[in-house]
Structures are given as structure tokens and as C-alpha cells.
There are 2 protein chains.
Amino acid sequence: MKQTLLYLFAFLLLLQLAACAAVDDPLPSWKDGPARGAIVSFVEAADNTGSPGYIPEAHRIAVFDNDGTVWAEQPAYFQLFFVIDRIKAMAPRHPEWKDKEPFKSVLSGDMKTALSGGEHAILELVAATHSGMTTEEFENDVRHWIATARHPTSGRPFTEMVYQPMVELLGYLRARGFKTYIVSGGGIEFMRPWTEATYGIPPEQVIGSSLKTKFEIRDGKAVLVKQPEVGSLDDKEGKPVNINLHVGRRPVAAFGNSDGDLQMLQWTASGGGPNLCVLIHHTDAAREWAYDRTSHVGKLDKALDEASQRGWTVVSMKDDWSKVFPSGTSER
Amino acid sequence: MKQTLLYLFAFLLLLQLAACAAVDDPLPSWKDGPARGAIVSFVEAADNTGSPGYIPEAHRIAVFDNDGTVWAEQPAYFQLFFVIDRIKAMAPRHPEWKDKEPFKSVLSGDMKTALSGGEHAILELVAATHSGMTTEEFENDVRHWIATARHPTSGRPFTEMVYQPMVELLGYLRARGFKTYIVSGGGIEFMRPWTEATYGIPPEQVIGSSLKTKFEIRDGKAVLVKQPEVGSLDDKEGKPVNINLHVGRRPVAAFGNSDGDLQMLQWTASGGGPNLCVLIHHTDAAREWAYDRTSHVGKLDKALDEASQRGWTVVSMKDDWSKVFPSGTSER
């Protein structure tokens with residue numbers, strides 16, 4: 001009996017050792033190369049108390065732009081498709097929209113004319129679809145849309161238009177004690193309903209552009225009502241400003257893909273300790289889209305020059321990723 | 001040898017069992033009574049999947065006002081003493097203050113005259129002490145002050161003017177899967193440097209009033225500079241608005257002590273599921289201070305009526321707490 005127990009004990013010990021040895025590659029969609037190398041070196045050092053690159057766990061804050069960095073942003077920011085679908089769904093209650101721009105053109109499918117009104121037209125569309133309701137009603141609008149809408153060229157749900165290598169990277173960082181944040185020019189309340197299921201990032205770690213809200217008592221219940229007034233634009237200088245407001249610490253790792261992310265990367269790079277600044281470069285016309293210096297969406301120009309001057313890591317989607325989207329073969 | 005190993009194994013098992021049985025009371029400074037009872041019942045149910053009061057862990061958001069709820073607020077909000085001390089420390093670099101109100105009166109120790117200028121005077125003092133520097137420089141100012149300053153009547157460090165029962169409650173909630181937040185009218189960057197060591201609450205779980213910040217490149221480094229312009233006042237309606245902005249979820253437990261916390265409690269109470277709303281009532285003139293409906297600092301009037309109508313929990317510091325401050329016997 002005692003003998004049996006000891007054998008059992010030894011067997012369990014061996015199982016444990018085998019499990020430790022068989023740890024899978026946490027980044028299977030990243031090819032070997034300088035980009036993967038820079039990321040892994042930084043993370044391994046940050047999590048190693050004996051390394052000069054060690055970072056105490058409380059300071060392991062990693063920030064990720066969303067559009068074009070963690071999910072795609074072509075042929076337009078995905079939130080625009082939400083706006084269009086909401087305008088169509090709300091149209092029966094707004095007969096006046098049939099004769100009123102920019103709504104008229106949205107309803108007839110002519111987005112070029114709809115957006116020809118510039119910033120004013122966009123604000124009108126955002127106000128119509130993102131304000132007047134309570135925060136909970138808006139959350140329900142987003143949940144319904146994200147569960148049913150399809151990307152215009154791939155036909156896939158938008159939550160399948162995420163970059164598989166970046167989802168792996170988010171998990172790898174969290175496994176090494178990093179706290180991961182989304183810091184996006186997109187709407188904070190547009191992202192929060194689905195980031196936890198899609199990226200493993202809870203609502204309180206999502207930072208974005210916002211409309212103001214107003215406290216009201218409706219039918220005896222306290223609610224917050226979304227107002228047609230901008231609270232914060234989370235782009236360019238707005239990104240470090242909002243990270244400081246929400247997190248209260250300077251990040252040590254930042255990931256972006258456009259000039260809108262430049263100030264967030266500069267602020268991360270200026271922390272004085274070990275840091276990792278990464279740009280995702282859209283170089284893969286076959287599997288995704290290829291664009292940079294002259295693109296209307298996700299323009300990457302100044303930040304690309306600064307990355308080269310400062311030695312930041314530039315990820316080529318074509319060369320550094322073995323897979324782009326989770327579905328794999330068909331790609332976009 | 002084998003025999004020895006087995007005895008060792010059995011001994012370790014017994015140690016483990018003993019440790020489990022000897023769990024201490026997590027709330028030793030709370031007397032038995034309806035307040036403690038309401039808190040413990042809510043928390044135990046929230047953490048019990050079989051209970052109708054069960055709350056999924058992701059929704060266990062607990063928000064705490066700071067001044068008068070987790071630390072004291074008499075004879076004035078503690079941040080005012082920081083302002084006074086900073087004005088004195090900065091005075092040699094500002095000879096013009098000797099002849100200029102409200103600075104002149106602050107320097108001569110006449111706070112009544114200094115504050116007679118009302119909101120404008122306060123904003124001038126806040127701007128002088130809270131803007132113009134980088135966020136990191138301000139953090140250093142706060143760290144130095146909190147480590148050296150003393151409360152005017154007790155002579156103790158301000159971080160020892162915290163309520164021992166509330167510190168125990170924060171730990172108890174976290175042990176039961178709650179995420180604890182400070183939501184204060186005080187300055188967000190005034191609190192963040194010390195809440196982790198004092199309350200176990202990291203900077204990213206501190207919400208407060210804020211000044212705007214501006215992104216700048218100084219000496220080739222990216223920094224955020226504090227501006228003499230209010231970003232947000234985290235009081236009354238501002239509390240639920242900011243909780244929604246920072247957390248993105250409605251809390252299930254809220255703790256306050258004044259009318260400035262009423263809307264935060266109303267919003268928490270209107271969530272539709274199990275919730276706990278608590279007011280700390282300052283009833284103990286001997287160990288702390290006794291004040292409520294007519295107090296200038298921490299006025300508790302409307303919220304006390306609403307607590308009574310809605311059946312919220314009201315904690316009497318005199319009757320429900322066996323100890324007020326961590327130091328115990330001497331009290332204030």
C-alpha cells in the first residue's frame with residue numbers, strides 16, 4: 001500500500017514535469033523574425049526579476065489601438081457600418097429623413113454624398129444614432145448589431161475580422177502579468193459590449209472617444225442619457241491624455257498602426273525605463289489590404305518615419321504573420 | 001525513509017486543514033448589528049452561485065466615496081492642507097504673493113479671509129498648486145507631502161486618519177471577488193499616489209475630479225502638463241457619469257457619507273439586480289466628529305432622508321464600529 005502511494009506520487013510528479021515541458025508556442029501565427037524577436041525579448045525580460053529589462057508587474061501596462069491594429073479598418077472604420085445600419089433601422093420612426101441630408105443619401109446607399117457634408121454631416125449621423133437613449137439602451141443596440149452584422153467584402157461577422165496574431169499577443173502579454181488596454185479613436189461605448197468576448201479585455205480597460213452623458217431619473221429609476229455633445233476625441237494627443245485619466249500610469253508597451261497613434265507611442269517611449277513601441281504596417285494586399293502614407297483611413301506617414309529614426313518595431317503583416325484572420329485560408 | 005515521507009505528507013495535510021478552519025473574522029472592527037448584518041448578507045449571497053443574491057464576478061463593482069467615507073474630512077477636506085503647504089513651499093519663488101489675495105492670507109495663516117473670495121479664490125489656489133507642472137512632477141509633490149504632513153488636530157499622518165472598519169471592508173469585498181473603486185470629489189491625481197499602499201486600490205481604480213492635461217514634447221521627451229482648467233468635477237451627478245466613463249458598468253455596491261454621493265447611490269440602487277447602498281453617518285463626537293444635516297463639510301441631509309425611504313443601510317460610527325482609526329485607543 002505504502003509502496004503504491006509512493007509510485008503514484010512519483011507518477012504525478014512526472015506528469016507535472018511533462019506538462020511544463022510541453023508548453024505550446026503562445027504566438028503560433030507570428031513567424032520567426034525581428035518583429036517577433038523584439039516582442040518576445042521585451043516580454044521575457046519584463047517578467048524576469050534578474051533581467052535589466054525587468055518591469056514590476058504593477059507597471060506592465062500595454063495599450064493597443066483598435067482600428068487597423070487589432071481588427072481591420074477597410075473599406076471604412078467598422079463603426080461607420082453600425083451608423084448606417086442604425087439609420088436604416090431607425091428610418092421608419094423618422095419619415096423626415098427621406099428628404100434631409102445626410103440621412104437621405106445614407107438611406108439610398110450613397111455614402112459618398114452623405115459624407116460630402118464633412119465633419120458636420122458625420123456629427124449629425126453620430127448624434128442621431130448615439131444619443132438620446134440611455135447607456136444601457138445603446139449597449140443593447142451594439143450587442144444586437146455586432147451579433148448580426150456582416151463585413152461588406154468578407155461577409156464575415158466583424159468580430160471575425162480581428163487579427164489572429166494580435167489576439168495571441170494580447171493573451172501572451174496577460175499571461176506574463178501585463179494589463180492590456182484598448183485605446184481607440186472609436187466610441188468607448190461602441191467597443192465595450194464585445195471587447196471582453198473578442199479580445200479578453202473587460203469594459204473598464206477600454207478607452208475611446210465619448211459623448212457626454214447626463215444623469216436623469218426616468219420612471220423613478222436613475223439612468224445616464226447619452227448627449228449629442230462630444231466629451232473626448234481619443235485620437236492623437238487625446239490618447240496619452242486619456243490613458244493618464246483612465247489608468248494613471250504611463251504604459252510600457254504601445255501598439256498602433258497610424259499617425260493617430262504617434263503621441264501614444266511617443267509618450268510610452270519617453271518613460272525612462274524599458275519599453276516597447278510597435279507599428280502594424282499594412283503590407284499584405286492579398287490577405288488583408290496594403291496602405292500607408294497616402295491612405296484616407298489609417299494614414300501611416302509621420303509615425304513610420306519616427307519609428308525608423310527611433311528604432312521602434314515595425315510589423316509587416318505580409319512578412320511577419322503566418323495567418324491574418326482567425327478563419328485562416330480564405331482571408332478577406 | 002518511505003515511512004518518514006508518508007508521515008511528512010500526512011502532517012502537511014493536517015497543517016492545511018488547520019489553516020482552513022482558522023479563518024479569522026474579516027471585519028473585526030465592525031460590531032454585530034443591522035449594518036454589519038446587511039453588508040455580510042449581501043456579500044455572502046453575491047459570492048454564492050446557489051443564492052438569489054448571486055452576482056457574476058465581472059459585475060461585482062463596489063464604489064467608495066473617499067472624504068468622510070474611507071478617511072476623515074474634518075476640520076476640512078485634507079486636500080486643502082496640501083494646497084496650503086504647497087503655497088508655503090512655493091512662496092519663495094513667488095514674492096508677489098505677499099501682497100496678493102488669496103495667497104497673502106494663506107501665507108499669514110488666515111484661511112477664513114483666504115477662502116472669503118469663494119469659488120474664484122479656491123480655483124486660484126488650485127491652479128497655482130495643481131497646474132503648470134508635468135503629471136509626474138505633481139505626483140512627486142503629492143508623494144513628498146503625504147509622507148511628511150500631519151493632521152492639524154491628531155498630529156498623525158493623514159494616511160493614518162483612515163477608518164479601520166472601511167479598510168477591512170475593502171479587503172473583505174476584494175477577497176469575495178469584488179473590484180473596489182474610489183470615486184471622490186477630490187483630485188484624481190492627488191489620490192492615486194497613495195491609495196494603493198493605504199487602501200489596496202491601484203491608480204486605475206481611482207476616479208476623481210480632474211484638471212485637463214496637455215501633451216507636450218519637453219527636452220525631447222513626451223510629457224503631460226497639468227492645465228489650470230477643470231476637466232471634470234466628480235461630485236453629485238458627476239459621480240455616476242464618471243463611473244460610467246471609467247468603468248463602463250453600473251456598480252452593485254456603493255458607499256458614501258454626504259449629499260454629494262446621492263446620485264451615485266441612486267444609480268447603484270436602480271440597477272435592477274441585487275445591490276447594496278450604504279451611508280456612513282458621523283455620529284461619534286468622542287472618537288471622530290459628529291455632523292450631518294447642517295455641516296459645511298460633508299453635509300448629509302437629502303441622502304439621509306432617501307436612505308430612510310428606500311431602506312438603505314446607515315452605518316452609525318458610534319454604534320457600529322468598535323474602532324474608528326487604525327491606531328485605536330487615542331482616536332482623534
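Predicted model: local features only at pLDDT ≥ 70, side-chain atom pairs only at ≥ 80, totals over all residues.
Student: Which residues meet where H11(A) and H12(A) are in contact?

Tutor: From H11(A) come A:Leu262, A:Leu265 and A:Ala269, and they meet A:Lys302, A:Ala303, A:Glu306 and A:Arg310 in H12(A). That contact divides into four nonpolar, no polar and three charged residues.

Student: What makes strand E2 of chain A largely enclosed by the rest of the structure?

Tutor: A residue is buried if 20 or more other C-beta atoms lie within 10 Å of its own. Nine of the nine residues of E2(A), residues 179–187, are buried, so the strand is largely enclosed.

Student: How do you know that E2(A) pairs with strand E1 of chain A?

Tutor: Pairing needs at least two bridges. Four bridges join E1(A), residues 61–64, to E2(A), and the two run parallel. In this pairing, A:Ala62 stands opposite A:Thr180.

Student: And what makes E2(A) and strand E3 of chain A a pair?

Tutor: Use the cut-off of at least two bridges again: E2(A) and E3(A), residues 206–218, have three, in the parallel sense. Here A:Gly187 stands opposite A:Ser209 in E3(A).

Student: How many residues of chain A are in contact with chain B?

Tutor: 29 residues of chain A are in contact with 28 residues of chain B. On the chain A side, H10(A) gives the most, with five residues.

Notes
Residues numbered from 1 in each chain as written. Chains lettered and ligands numbered in written order. Buried ≥ 20, exposed ≤ 12 C-beta atoms within 10 Å, placed from the backbone. Contact = placed C-beta atoms within 7 Å. Nonpolar A, V, L, I, M, F, W, Y, C, P; charged D, E, K, R; others polar.
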